[in-house]
Amino acid sequence: MSDIAERALHTRTARSVEALRRSFADHLFYLTGKPIERATPVDHYIALAYTIRDRLLARFHAAAQSYKREKAKTVAYLSAEFLVGPHLGNNIQNLKIWDNTREAMAQLGLDLDVILETEPEPGLGNGGLGRLAACYMDSLATMEIPAIGYGIRYEYGIFDQVIKDGWQVEVADNWLRDGNPWELPKLNLRYPVRFGGHTEAYRDDGDRLRVRWVPETTIYGMAYDTPILGYGVLNVNTLRLWKSEARESFDFQAFNTGDYYGAVDDMVAAQNISKVLYPNDEPEAGKVLRLRQQYFFVTCSLQDMIRITLRDSGDITTFPDKFIAQLNDTHPAIAVAEFMRLMLDEHHLDWDVAWALTRRSFAYTNHTLLPEALETWPLEMFRCNLPRHLEIIYEINARFLDDIRPRFMLDPEGLTRLSLIDEAGGKHLRMAHLACVGSAAINGVAALHTQLLKDTVLRDFHQLWPDKFSNKTNGVTPRRFIALANPPLAALLQETIDHHWLRDLTQLERLEPWADDTAFQDRWRDVKRTAKVNLARHIQQTTGVVVDPDSLFDIQAKRIHEYKRQHLNLLHVVSLYLRLKHSPHEEITPRTVIFAGKAAPGYRMAKLIIKLINAVAEVINRDPQTRDRLRLVFVPDMNVKNGQRLYPAADLSEQISTAGKEASGTGNMKFSMNGALTLGTLDGANVEIREHVGADNFFLFGHTVDGVLELQRQGYRPRDFIEGEPALRAALDLIASGLFSHGDPHLFDPFLDNLWHHDPFLVCADFGQYKATQEHVGRHYADGRAWAQMSILNVARMGYFSSDRAIAEYARDIWHVGRVPVDGD
């Protein structure tokens, strides 16, 4: 290599301050054509992103070569969502070049924090499911396990949330407006995706009966790769997202005949597949598009995995030795039928061989206990779009039912419950059933959730195959949700117990002896107050509301849904406001209640709850009699970036879902890792968090799962609880009075009627206990040292909830994969 080439490579890969500064200046000028004095903040971000990406690519290539040379078994993580969050800070951190990067920018007169804030967030997920996938990709790379994350490169991600007159307004998330410096288009990885049409039977050269799918439409999926770097290792894994394209982008013949719009019809129709995350599926067209999205990314991913298998071994039957495909909920469950189609129709394997390969190649994670969230598809709609797959599913179902029929001689209804086809109320295809039948392993995501799966929604499958089932409690990455989100806390941890906790979160237990140290408690409280001041500044900038960092920050930040019970929290706020109005001189702990979260665009009740939160806030925050002791804020546009502001600032974390409804939750973990105490029910991972942090450091309330079932069995009457709880009745009456709706007594009628007459998530039944527990919280917070001690112990005992631990369990128990360290630098 020539001296010039070596110097150029050094500029691209070296991590010194000088090398970073020179690389940034080169990228800024040669990518934007602007000198630094004319560059915009976006230009600065683009230049620094490419500077950091340069330092990933050599590792990216080395990792790929190591995996290929070692013939490593690879985890294929199939997920409709990857809520990765901003890349720049995470990659700087994982490269361990924070100080050098900050100094390089400072020498150029730039503020690294301002550049980080400029990065648009890829909104490629709706919430916990997508963020979990992103945490797992981080942990897979950090733990040196070869992996490819497969999903969709949505042009528009989850909407940006704007609040207008108290209502949620959805704004398109055009995250690709300025390009995406982190992705690498792979023009050579382009696979056909077929829809509609019909099937034909034929005889092959060996006189064997085969089936040919004659599609109505064929589009293509093109790969875009994003490197995912591990922390403190050289391993870089791949997030491979698919963009949909037409076979030809322009019909020249149609254009020449004057059909100017028709000339691009195919391109527009094809691109719609990857246009937007989760189209509104209330209309039929939205349902069809969502089904097509799921099939689109699944078939592209499987074709890609088959290509790699044949490249490395030349033998399709080695597929399960090369890959294990993890189905992240039911969205990719169509992979079972698609893999069978590829094996039968494209690679001409016999049914038994193909089915044996299938059942060794897939594992299924269930993420829900809500029956309505277990995805199903109307058979006719499915047949119109994927006719060959329906034939294969019918055959899978027939063979499956024949196999188990002897076990159900005395329970014929058991076959109906287990069938892949739901015959009731219009025939539907049960995707969770397909995933269970076609997978080698099935897991839940919290101990309680897994037990409830076994006892309820997947009970029959558990009785058939108990050895298939296991629990893998979710975890989150401490690299993003402590080190990146809360640098002052990370610095205190490093000073106190060293830096090894970032790769082994159980090291946090070494904090326990410091919990009683008053000097350490003071430093701990300073860290928390710094985070609260930062959040208060953001709240004032985005909402205009001024909040007191010395008040108790009581935060509920999660997707808005009735089962998550934001309205329980809100009704307590209204009751507290009434109490202060009636007893203006009563001494209470000053409290700032903060909500954040998005409602699905078609979820009317959730959007009404957002409106009510903002309406109540408008009244409370301008009331001079109470506003020094009670403030209410809705922080708009909850995403990863805003989550990184909220998690460190919370004193109290609201995890108050109805027992038996939340699969796991991961927000509960992020808050606790940053020193918030949890107010929660025995639901999801709350149960295990309480076991780990200790019952004395967790504020428990509410009916248990058994209590909920007993109430429902007796015939739950919310009116009885309302009439028996004066504070609740008064809060509902105040909402009905029109005080929070500018005199309109009917605006919130749907909300009130639901609670009086239905209350499916037992808000009224749990209100009394919730209110009493909140009183307990207020008294504890008033004792600053005792609260600090509880906060320290929460963090010290959260090591179990690292995504690294979860990935280690998947690798050992389900995937059977090992580490493949990458050597060199």
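Buried means under 20% relative accessible area, exposed over 50%, and partly exposed in between, with a 1.4 Å probe and protein chains only. Helices (H or I, at least four residues) and strands (E, at least two) are DSSP runs numbered from the N terminus.

The model is predicted: local features need pLDDT of at least 70, side-chain atom pairs count only at pLDDT 80 or more, and totals for chains, interfaces and linings use all residues. Residues are numbered from 1 along each chain as its sequence is written, and side-chain values use heavy atoms, without hydrogens and water.

In helix α18 (residues 447-455), the buried residues are H449, T450, L452, L453 and K454. They pack against β15 (441-444), α19 (459-464), β16 (469-471) and α28 (705-714), where contact means heavy atoms within 4.5 Å.

The whole structure has 0 disulfides, a disulfide being a pair of cysteine sulfur atoms within 2.5 Å.

There are 6 cavities of 30 Å³ or more. A cavity is a set of points, on a 1 Å grid over the protein atoms alone, where a 1.4 Å probe fits but cannot get out; lining residues have an atom within 4 Å of a point. The largest cavity holds about 160 Å³, the volume being the space filled by probe spheres set on the points. It is lined by 14 residues, of which V84, H87, N90, I228 and R480 are the closest to its centre. Helices α4 (88-94) and α7 (128-142) and strand β8 (217-229) each give two or more residues to this lining, and α7 has the largest share, 4 residues.

Methods: On a 1 Å grid over the protein atoms alone, a cavity is a set of points where a 1.4 Å probe fits but cannot get out, and a pocket is an open set with protein on both sides within 12 Å along at least five of seven lines; lining residues have an atom within 4 Å of a point.
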